[in-house]
There are 2 protein chains.
Amino acid sequence: MRIAVDAMGGDHGCDVVVLGALQALGRDAAISRIFLVGNQDQIQAVLDRHHCRDARISVIHATEVLTMEDKPVEGLRRKRDCSIARAVELIKEGQAEALVSPGNTGGVVAASTIKLRPLSGVDRPAIATIIPAPENEFVLLDAGANVECRPVHLAQYAVMGSVYARDILGIQKPRVGLLSVGTEAVKGNELTLETYPLCRMLPLNFIGNIEGHDLFTNRVDVVVCDGFVGNIVLKSCESLAIGIFSWLRKELTRNPLRMTGAFLAKGAFQTIKRRVDPDTHGGAPLLGLNGTVVIAHGSSREKAIMNAIHLATEAVQNRVDENIGREVTAANKLLVANKDHTASSAL
Amino acid sequence: MRIAVDAMGGDHGCDVVVLGALQALGRDAAISRIFLVGNQDQIQAVLDRHHCRDARISVIHATEVLTMEDKPVEGLRRKRDCSIARAVELIKEGQAEALVSPGNTGGVVAASTIKLRPLSGVDRPAIATIIPAPENEFVLLDAGANVECRPVHLAQYAVMGSVYARDILGIQKPRVGLLSVGTEAVKGNELTLETYPLCRMLPLNFIGNIEGHDLFTNRVDVVVCDGFVGNIVLKSCESLAIGIFSWLRKELTRNPLRMTGAFLAKGAFQTIKRRVDPDTHGGAPLLGLNGTVVIAHGSSREKAIMNAIHLATEAVQNRVDENIGREVTAANKLLVANKDHTASSAL
């Protein structure tokens, strides 16, 4: 398997990305080639510094970098030879099967949507993030690719998320929930009210509306929402979890007694920390495109990059794209066949 | 001050509501009367059981109860003599200045909006919830009164939230943020993109867009969003916080060593628990109406009811409604005067 890695866009420079890629090569025998895309001199310097002579590595030069400050579409137009664009082209040219980038999220979404195009049948790609909960983990999508959605987009996300939870998380019949403000079918905004009957028509394990209260109580495996809501929920929950743990650290180190207690109980904190470690999955796939694209956190360190690459190999091996294409196309047919039962505006 | 308390709608029956009201009477000398609204026999039985002869208590009989299962508007039409409706009428008739209800949120919103009407100048009332963060607390509105909003509604919420944070939380120049998916003015959905310039025109300490990441890092005092997003964020964060603490409890009691550690460090947990206790504020006001309405959690116990009543007295004493009416009216004038600079659809 051949993976293109955008070595430039991360917050910590190309060093950590290159090292993460080397770790992935050491771990995944299935990887036959990694393209490190970006400034050739900088990348080569990192490889030399670590005495790397791995023949599976190719460095692909790109003269520019799309930074976090660049506006996605405008930036891509201005920086035609940026590393993200070059990495996406490797997929388009058939040289790579998957791409991993820790760069500007909007830039990755725009470059890959424009160059790779959505799968036949898929209207919009969606970012699918895996979120850990005390007793399970769930997939939330869309986490921010599209802030304005129509009901049919959400219905397709339901299918895409269900395929992903089945093929990657190994959940046989993923429980799919529509994120809303009440569990009854009549609760919600215009978008969710029109999406609900569409999801009902599909061959999903659709459990109906779910509320914010249901997210962390092992009630749902796939949480469907538009990219505006999803991005806000994801970031709010990240912020809260980080806030609680740093608050706890502060309180636990306030006096020697508490510090002793915390030391004795440290196994408890470590167990939780391991489970909620954002580096465990390392990235979130942009589902629904012709090609596997994994967006890593801008702040990714080596381990996160390695795991994001691993996630990409799993998606390729399990033919997630192919399955999404087939199942969304089948879903679209069902929705059209039943369209007399829906508000026409929903499709 | 005279407060109407809907004694019937809570999850734990009228006992806890009546006892919470008695505690409020013991604490707040400013309260001259509490109307306990609901089934007279049941309420009187609780009062008798606790040998209560407080002359400041009046029991107002209502024959029906709007349950959590009732659809708000339909339920109110069917159960004309329900305790929520009767309690709202006490404000309308001028007998009470404020209302506290732990009942069906949609029912409280509908009954008070229909019977009390929004303040002149306010288009829609909003539920303002105070959320604790490690270093501060912030007001989030709307937490679920209106799931479909227009830009002018959000701009009015910004004013209402700012007044509330100033008058109740005592923050001189509350930092008002518009909840979106990026801090730049160009990031957001149609609603927030059109709301942004409106907020800029107003005499607020408007800090622009905020993201989910900013919520728990002491960057913002008033978080403005539509009721769909706000309800989901509020409930997701509640669910996550409860999930983390119960997970922690489970891990900390897994073996004797951890239990010893947890015992030694218990001061740390208690400090945090006190700060995040949802009973501290007890309820969330429905801002923007002719009259003070505080919605308590359905699961409220005595202390939460007492604190919700206290919140109501504070709102009345600080003339929050009057200030909101005046400041929203002034804001509307500014928006109209500047309307050439805005998309006309925003107003």
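Tutor: Happy to. Helices α6(A) and α12(A) are oblique to each other, where angles under 35 degrees count as roughly parallel, over 145 as roughly antiparallel, 65 to 115 as roughly perpendicular and the rest as oblique. Keep in mind that this is a predicted model, where local features need pLDDT of at least 70, side-chain atom pairs count only at pLDDT 80 or more, and totals for chains, interfaces and linings use all residues. Residues are numbered from 1 along each chain as its sequence is written, and chains are lettered from A and ligands numbered from 1 in the order in which they are written.

Student: At what angle do α6 and α12 of chain A pack, and how far apart are their axes?

Tutor: The angle between α6 (residues 151–167) and α12 (residues 320–337) of chain A is about 140°, and their axes are 9 Å apart. Axes here are lines fitted to C-alpha atoms, for helices over the stretch in contact, and angles run from 0 to 180 degrees between N-to-C directions. Helices themselves are DSSP runs (H or I, at least four residues), as are strands (E, at least two), numbered from the N terminus.

Student: Is the crossing of α6(A) and α12(A) left-handed or right-handed?

Tutor: The crossing of α6(A) and α12(A) is right-handed. A crossing counts as left-handed if the near helix is turned anticlockwise from the far one by less than a right angle, and as right-handed if clockwise.

Student: Which residues of α6(A) and α12(A) meet?

Tutor: From α6(A), the residues include A:Val152, A:Ala155, A:Val159 and A:Val163, and among those they meet in α12(A) are A:Ile324, A:Val328 and A:Leu335. Two residues are in contact if their C-beta atoms, placed from the backbone, lie within 7 Å. By class, this contact of α6(A) with α12(A) has eleven nonpolar, two polar and two charged residues. For the classes, Ala, Val, Leu, Ile, Met, Phe, Trp, Tyr, Cys and Pro count as nonpolar, Asp, Glu, Lys and Arg as charged, and the others, Gly among them, as polar.

Student: And how do α6(A) and α7(A) pack?

Tutor: Helix α6(A) packs with α7 (residues 190–201) of chain A at about 50°, with axes 8 Å apart. Those two are therefore oblique to each other, and the crossing of α6(A) and α7(A) is right-handed. On the α6(A) side the contact is made by A:Pro151, A:Val152, A:Leu154, A:Ala155 and A:Ala158, and on the α7(A) side by A:Leu191, A:Glu194, A:Thr195, A:Leu198 and A:Cys199. The classes there are eight nonpolar, one polar and one charged.

Student: Let's zoom out. What does the secondary structure of chain A come to?

Tutor: Chain A has twelve helices and twelve strands. Its C-alpha trace spans about 65 × 60 × 35 Å along the principal axes. Of the 347 residues of chain A, 57% count as buried. A residue is buried if 20 or more other C-beta atoms lie within 10 Å of its own, exposed if 12 or fewer, and partly exposed in between, with C-beta atoms placed from the backbone.

Student: Now the chain A and chain B contact. How many residues does each chain give?

Tutor: The contact takes 49 residues from chain A and 49 residues from chain B. On the chain A side, α8 (227–252), α9 (256–264) and α10 (266–276) each supply at least two residues. The largest share, 20 residues, comes from α8(A). By class, the side of chain A that touches chain B has 26 nonpolar, 15 polar and eight charged residues.

Student: Over in chain B, why does B:Glu194 count as buried?

Tutor: B:Glu194 counts as buried because it has 20 C-beta neighbours inside 10 Å. This residue lies in helix α7 of chain B, and the other buried residues of that helix include B:Leu191, B:Tyr196 and B:Leu198. What covers the buried residues of α7(B) includes α6 (151–167), β8 (175–179), β9 (205–210) and α12 (320–337) of chain B.

Student: And which residues does B:Thr105 touch?

Tutor: Not counting residues up to four places away in sequence, B:Thr105 touches B:Gly144 and B:Ile295. B:Thr105 is found in helix α5 (residues 105–116) of chain B and counts as buried, with 25 C-beta neighbours inside 10 Å.
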